[in-house]
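I opened my notebook to work through one protein model. My plan was to go from the whole chain down to single contacts.

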Amino acid sequence: MFVFSKLVWIFGQPLSLAFFFGALALVGSLVRRRFIAIVSSLLSVLILFVALYTTAGAYIVQGLEERFPHPAADPADLKCMIVLGGATQNEVTTARGGYEMDSAGDRLVETLRLAQKFPQARVVVSGGDGSISGKYEGDAVISERFFVALGLPKDRLVEDTTSRTTLENAVNTKQLLAQNGLSGCLLITSGFHMPRSMGIFRKQGIDVIPWPVDYRSTGKETLGFDFTQPSLNAQLLATGVREWIGLVGYYAAGRTSTLYPGP
């Protein structure tokens, strides 16, 4: 199932679909199937235009991010927090060492901030190597180096080094919480990822408090054209589409109780 989900995304992301329809248009032209060639060409161009030159991606991501609003203030007390993997560049860090962060690095930064403010809180770090090859350092291993290097005692960390998906994050974390007598933890992950994460953790019967971070939208996005940042537009659309594929897939597989989990 893990490999299947990876393959679905490789072939189902917007730019891959644009390439597929472009290739189909070429084949249609070569075999003189004019209708197939024209329709496929139009679909390819349409996908590329929407991905590169509209705010569709930002608008979709914004909807996901607004589903669970960030609390107005820090909690009065905090016993534990769970930070989901996905914040490090595993391939680069495996080769070079250290703790290179990707665009979701705010997950680790916010966790460290809260850990410093609440020195009694334990930190559950959940994340293994999510690549198909499985040959890179996992998020939990890299995150440990980050936290320890910035002064967090290692004995405050509870690590899940094997999970590759959000479902495995929840299943493995449930066991770790029981083993360490922890409950009522903050769940720290990217805002766009919070609806699916909360749905999965609820399905597993884990009581967590959503703490979204790593926002990608302004909160004021509207649908329209944007010719100034095509690469960012395409990235945001890929992020939003991937998350919605995950929401639909997890709901269809019975891994969440609702299609679009909310507060």
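These entries follow the order in which I looked things up.

**Entry 1: the whole chain.** I noted at the start that this is a predicted model. I looked up the secondary structure and found ten helices and five strands in the protein chain. Next I checked the radius of gyration, which is 20 Å. The globule rule gives 18 Å for 263 residues, so the chain is as compact as a globular protein of that length. I also looked up the box that the C-alpha atoms fill, and it is roughly 70 × 40 × 35 Å along the principal axes.

**Entry 2: the largest pocket.** I wanted its volume, and I wrote down about 1,500 Å³ for the largest pocket. Which residues lie nearest its centre? I listed Lys-6, Arg-164, Thr-166, Arg-196 and Arg-242, out of 47 lining residues. I then sorted the lining by class and got 13 nonpolar, 21 polar and 13 charged residues. Which helix gives the most to this lining? Helix 10 does, with nine residues. Helix 1, helix 5 and helix 8 are also among the helices that each supply at least two.

**Entry 3: helix 10 again.** I followed helix 10 (residues 230-252) to its packing with helix 3 (residues 34-53). Their axes are 6 Å apart, and the angle is about 105 degrees. Angles of 65 to 115 degrees count as roughly perpendicular, so that is the label for helix 3 and helix 10.

**Entry 4: who touches whom.** On the helix 3 side I found Val-50, Ala-51, Leu-52 and Tyr-53. They meet Pro-230, Asn-233, Ala-234 and Leu-237 in helix 10. By class, this contact has seven nonpolar residues, one polar and no charged.

Notes:
Residues are numbered from 1 along each chain as its sequence is written. This is a predicted model: local features need pLDDT of at least 70, side-chain atom pairs count only at pLDDT 80 or more; totals for chains, interfaces and linings use all residues. Side-chain values use heavy atoms; hydrogens and water are left out. Axes are lines fitted to C-alpha atoms, for helices over the stretch in contact, and angles run from 0 to 180 degrees between N-to-C directions. Helices (H or I, at least four residues) and strands (E, at least two) are DSSP runs, numbered from the N terminus. Angles under 35 degrees count as roughly parallel, over 145 as roughly antiparallel, 65 to 115 as roughly perpendicular and the rest as oblique. Contact means heavy atoms within 4.5 Å. Ala, Val, Leu, Ile, Met, Phe, Trp, Tyr, Cys and Pro count as nonpolar, Asp, Glu, Lys and Arg as charged, and the others, Gly among them, as polar. On a 1 Å grid over the protein atoms alone, a cavity is a set of points where a 1.4 Å probe fits but cannot get out, and a pocket is an open set with protein on both sides within 12 Å along at least five of seven lines; lining residues have an atom within 4 Å of a point. Grid points are joined across faces, edges and corners, and a volume is the space filled by probe spheres set on the points. The radius of gyration is taken over C-alpha atoms; the globule rule is 2.2 Å times the number of residues to the power 0.38.
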